[in-house]
Amino acid sequence: MTKGLVADHTIIQDAKLFINGEYVNALSGETFDSINPATNKKLATVANGGKADAKLAIEVAQRTFASGIWSKMPVEERSKILCRMSDLIMENVDKLAYVETLDVGKPIKESRGFDIPRAAANFRFFAEMAKYMVHEHYDMSNHMSYVQYAPAGVTSLIIPWNLPFMQMTWKASAALAAGNTVVIKPASYTPLSAVMLGEIANEAGLPPGVLNILTGPGSTVGTVMATHPSVRRISFVGESNTGKTVMRNAAENLIPISLELGGKSANIVFEDADLDEAVAGSIEAIYRNQGEICLAGSRILVQESIYDQFLDKFVAAVRKIKVGDPTDESTDMGALVSQGHLKSVDDYVQIGLAEGAKLAYGGKVVANLPEGNFYEPTVLYDVDNKMRIAQEEIFGPVPVIIPFKTEEDAINIANDSIYGLAGVVWTNDLRRGQRVTSHIHSGLLWVNCWYVRDLRTPFGGAKASGIGREGGRHSFDFYTEAKTITIKK
């Protein structure tokens with residue numbers, strides 16, 4: 001690894017819990033280590049929160065909510081504070097990006113160029129939108145009714161490890177803009193950037209107790225956050241089976257829940273597509289963030305008439321991907337988040353080969369980077385959609401390439417999945433693009449592009465990919481309680 005990776009460790013600080021505006025140790029005094037995926041060496045010591053810490057944070061959030069210091073604050077004032085948090089994120093973009101890169105293993109050009117700026121945009125978008133929400137008013141002959149959107153209360157946000165700062169701010173900014181207090185649990189693999197949001201909140205003037213951050217295991221901290229009777233909303237992002245557990249826990253107190261779960265999205269390339277554009281877009285859709293993205297176009301469906309041509313161009317492009325030090329500006333693909341996940345990805349490749357898939361490139365741990373969790377960008381082709389590698393989420397740099405004959409064939413293959421998060425269609429026939437996307441059972445679909453997000457639009461999946469929608473007014477619908485008030489004239 002380069003010397004720069006070690007030198008930049010000086011910006012990393014030990015992480016504590018953030019409760020009631022203060023950084024504190026876990027009540028038990030226990031800690032765990034945050035590990036750099038690129039070196040498998042310790043980055044920082046992290047407070048290991050437990051059930052008692054989670055209960056304390058929720059009680060603080062409940063008292064703060066009930067006090068009205070945030071929930072009853074005029075929306076214009078809330079907006080100013082949240083916009084200031086957005087500004088502070090951008091003022092600290094370099095530091096936040098390096099912490100994210102060191103903790104997650106992702107390339108610095110992604111952290112600095114996308115993740116952190118998007119986090120700042122999340123805060124500004126919801127802060128501004130909150131000021132201009134339309135309030136409904138209905139007249140009757142002798143009465144009038146209006147709808148008031150009141151903050152729901154204490155909100156539990158459980159965040160994944162792949163895009164920790166961006167995902168956390170996507171949830172927290174909307175919940176805070178709506179007037180709620182929040183308790184956040186980042187993933188234990190990647191807690192460091194999340195904890196830094198507490199400093200930003202204090203500097204921006206967010207009242208103590210409005211934002212609380214807990215580091216610790218999902219089995220203890222996460223369980224309390226999903227079952228505590230004072231919690232009124234839960235938003236979870238992560239793996240589908242864990243989502244089911246969160247949902248079962250939430251059912252005990254009938255807590256409304258939003259789930260953003262796994263995916264195995266179809267990336268469909270028709271014979272009339274701009275082939276160079278489709279190859280470049282398909283590369284981005286599977287190898288970005290080492291393939292550790294739920295929206296990844298991990299099943300690449302290619303029409304038979306261009307199958308060989310696409311495969312040749314795709315493999316040629318994959319050969320140019322630079323895997324290495326995530327802090328190097330020229331790196332395209334960094335390290336997978338953990339040694340366990342590295343093994344899981346490699347196990348899936350071996351399963352695929354045993355199932356009869358063919359290997360065009362990659363398929364092994366990077367030999368010249370033995371200290372970290374680096375895996376080669378891999379290409380499996382001539383895959384049957386019934387294979388495990390086509391049905392199960394690998395969550396790594398391993399696309400499966402599947403041939404298809406007709407448009408109907410492509411739609412059937414795309415829909416033959418327990419997941420329904422996203423999908424991509426590459427075609428120069430706009431009618432075909434509209435027709436195919438209308439028949440694919442997924443929450444998000446792109447035509448001739450990927451991962452383009454308008455924050456006003458709903459985000460979420462179908463089937464095993466989740467429940468509910470967030471984004472724009474849909475976020476405010478979730479994080480508020482709609483109250484109908486009728487008055488006699």
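Which residue in β6 is the bridge partner of His 137? The legends below, drawn from a predicted model, begin with that pairing.

**View 1. Strands β5 and β6 form an antiparallel pair.** The answer to the opening question is Tyr 146, the residue of β6 that bridges to His 137. Three bridges hold this pairing, with β5 covering residues 137-139 and β6 covering residues 143-151. Follow the chain from β5 to β6 and you pass through a hairpin of three residues.

**View 2. Strand β6 also runs antiparallel to β22.** Here nine bridges join β6 to β22, which spans residues 480-488. Look for Pro 151, which stands opposite Thr 480 of β22.

**View 3. Helix α10 and its surroundings.** The 13 residues of α10, 275-287, reach 18 Å from the first C-alpha to the last, close to the expected 18 Å. At the start of the helix, a side-chain oxygen of Asp 274 comes to within 3.3 Å of the backbone nitrogen of Asp 276. Among the buried residues of α10 are Leu 275, Val 279, Ile 283 and Tyr 287. Their cover includes the strands β12, β13, β15 and β18, as well as helix α11. After α10 comes Asn 289, with a positive phi near 55°.

**View 4. Val 365 in the loop between β14 and β15.** Val 365 counts as partly exposed because its relative accessibility is 36%, between the 20% and 50% cut-offs. Beyond its neighbours within four places in sequence, Val 365 is in contact with Leu 342, Phe 374 and Tyr 375.

Definitions and conventions
Residues numbered from 1 in each chain as written. Predicted model: local features only at pLDDT ≥ 70, side-chain atom pairs only at ≥ 80, totals over all residues. Heavy atoms only, no water. Helix = DSSP H or I, 4+ residues; strand = E, 2+ residues; numbered from the N terminus. Expected span 1.5 Å × (residues − 1). Buried < 20%, exposed > 50% of the residue type's maximum accessible area, 1.4 Å probe, protein only. Contact = heavy atoms within 4.5 Å. Polar contact = N/O pair within 3.5 Å; in protein donor to acceptor, adjacent residues only side chain to side chain. Pairing = 2+ DSSP bridges.
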